[in-house]
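Me: I would like to look at this structure step by step. Could you show it to me first, so that I can ask about its parts?

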Amino acid sequence: MTRHVLITGGCGFIGSNFVRYVRAQRPAWRITNIDKLTEAGNLQNLADVPEDERYRFVMGDICDAPLVGRLIHDCTDIVHLAAETHVDRSIMDARPFIHSNVLGTQTILDAALRTFEARSSGRLVFASTDEVYGSLPLDRPDLKFTEDSPLRPNNPYSASKAAADMMVRAYHETFGLDCVVTRCCNNFGPNQFPEKVIPLFVTNLLEGKHVPLYGDGKNVRDWIHVEDYCSALLTMLERGQSGATYNVGANNERSNLELTRELLRVLGQGPDMIRHVADRLGHDRRYAIDATKLETELSWQATRSAWPEALERTVRWYQDNESWWRAVKSGVYKDYYRRQYGLFDEAEMDSPSAR
Ligand code: NAD
Ligand code: DAU
């Protein structure tokens, strides 16, 4: 039977790259993409992908159980990426994060269970995050997160992802649902919404604006190119062990200050473009991923993430796609809540202004 994958959140950064990656690597497969088109979800991200018998887009909310049930009924597998993803937004208002990340995941799990159990086949791959592990100290560079590290999420976003991650585990343990959980580090690459640090800083610099560096700039993130994460997702979908959790990383740790200096170098600008601003609340100090399990069990390797080449390629993409980011950036935050709460008339969610 031809594989037909339901990709949730396919209009976002990783989702749109994954739709393109699967089409290139597995041309016979069919894809259905369900996306609510939040501020980070953008149809323009897939403007080059025509709707045909191989690809279908459905605008909708993953909390819409009847819709999700119908879509899963037609599919053989699910790659579940849809989520509210920006930590700063979760600090401003956690409610949409519980809605999409927790309730949305449970809705997908229930529908998957009904359909896949009846059919005795069908796999769910869930994109969790390295943020569920919490933070590592800067003075212990020897420490990295393994799959056995305790979950200690520190912000509303990561707490909502940890809840979803644990629900996926529970559906495997309780009902035997075929699930794989992936915990990946920070992605970078084309089509990333410019509220995340790399596209925000690159586009600010291209606009001649300063870049807002939080706190002392010493916080460390582990950076992977989105194409490497896409190849990991496909590997886990095809060959991951049922019920397993896999870390995904590229051994590419940088402090935010190092990252910023690298971007300034690539764009030929000086340190005077940095503005040191107030720190993020609950700002995790360091993330570092040990991806040995994925590398040894499934022979996966990150091959496209090495700096400076991968970062320079990414900067070039934003330079070459100015109309994309200018259009996206002009809408950042503007009408966010109108779209978030108005478009779907979610009676159970109060708008912040109504509270
Ligand atoms: P993104 O914000 O760019 O995209 C998320 C997509 O989900 C958007 O298109 C949005 O419209 C859609 N969405 C949100 N709520 C929805 C809902 N209720 N119903 C339907 N669609 C909805 O995020 P991303 O960076 O592409 O991340 C994708 C996934 O990978 C997320 O689950 C995230 O937690 C996880 N992840 C991301 C990173 C990273 O560095 N970007 C790292 C590890 C894990
Ligand atoms: O680690 C995986 C996670 O990476 C994903 O699960 C999240 O969805 C994704 O958003 C990302 O989270 P971060 O919080 O690490 O990414 P962000 O781009 O928001 O910030 C990266 C670092 O840069 C962080 O230490 C905060 C800092 N920062 C960020 C912004 C937006 C700044 O200094 N200034 C900024 O303006």
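Me: How far is an oxygen atom of ligand 2 from an N or O atom in the side chain of Thr129?
Reply: This is a predicted model, in which local features need pLDDT of at least 70 and side-chain atom pairs pLDDT 80 or more, whereas totals for chains, interfaces and linings use all residues. Residues count from 1 along each chain, chains are lettered from A and ligands numbered from 1 as written, and side-chain values use heavy atoms without hydrogens or water. The pair at Thr129 is a polar contact (N or O atoms within 3.5 Å), and the distance from the oxygen atom of ligand 2 to the side chain of Thr129 is 2.7 Å.

Me: Which residue has a polar backbone atom 2.7 Å from a nitrogen atom of ligand 2?
Reply: The side chain of His283 has an N or O atom 2.7 Å from an oxygen atom of ligand 2, but the question concerns a nitrogen atom of the ligand and a polar atom of the backbone. That backbone atom belongs to Pro212.

Me: How much of the accessible area of ligand 2 does the protein cover?
Reply: On its own, ligand 2 has 690 Å² of accessible area (Shrake-Rupley method, 1.4 Å probe). Of that area, the protein covers 94%.

Me: How many residues of the shell around ligand 2 are charged?
Reply: There are 24 residues around ligand 2 (a heavy atom within 4 Å), and Asp130, Tyr157, Asn186, Arg280 and His283 come nearest. Eleven of the shell are nonpolar and seven are polar, where Asp, Glu, Lys and Arg count as charged. The number of charged residues is six.

Me: Which strand gives the most to the shell around ligand 1?
Reply: Around ligand 1 there are 28 residues, of which Ile14, Asp35, Thr85, Tyr157 and Lys161 come nearest. The elements α1 (13–25), β5 (123–129), α5 (156–175) and β7 (186–188) each supply at least two residues of this shell, helices being DSSP runs of at least four residues and strands of at least two. With three residues, the element that gives the most is β5.

Me: How much of ligand 1 does the protein bury?
Reply: Oxygen atoms of ligand 1 lie 3.0 Å from a backbone N or O atom of Gly12, 2.8 Å from a polar backbone atom of Ile14 and 3.4 Å from one of Ala83. Taken alone, ligand 1 exposes 830 Å², and the share of this that the protein buries is 96%.

Me: Which residue in β2 is the bridge partner of Leu6?
Reply: An open sheet of seven strands, with parallel pairing, has the order β3-β2-β1-β4-β5-β6-β10, and strands pair if DSSP finds at least two bridges between them. Strand β1 (residues 4–8) runs parallel to β2 (residues 30–35), and five bridges join them. In β2, the partner of Leu6 is Thr32.

Me: Why is one side of β7 and one side of β11 left without a neighbour in the sheet?
Reply: The open sheet of three strands has the order β7-β9-β11, with mixed pairing. Since β7 and β11 (253–255) stand at its edges, one side of each is without a neighbour, and what each of them has is a single partner strand.

Key. A polar contact is a pair of N or O atoms within 3.5 Å; within protein, one must be able to donate a hydrogen and the other to accept it, and residues adjacent in sequence count only if both atoms are side-chain atoms.
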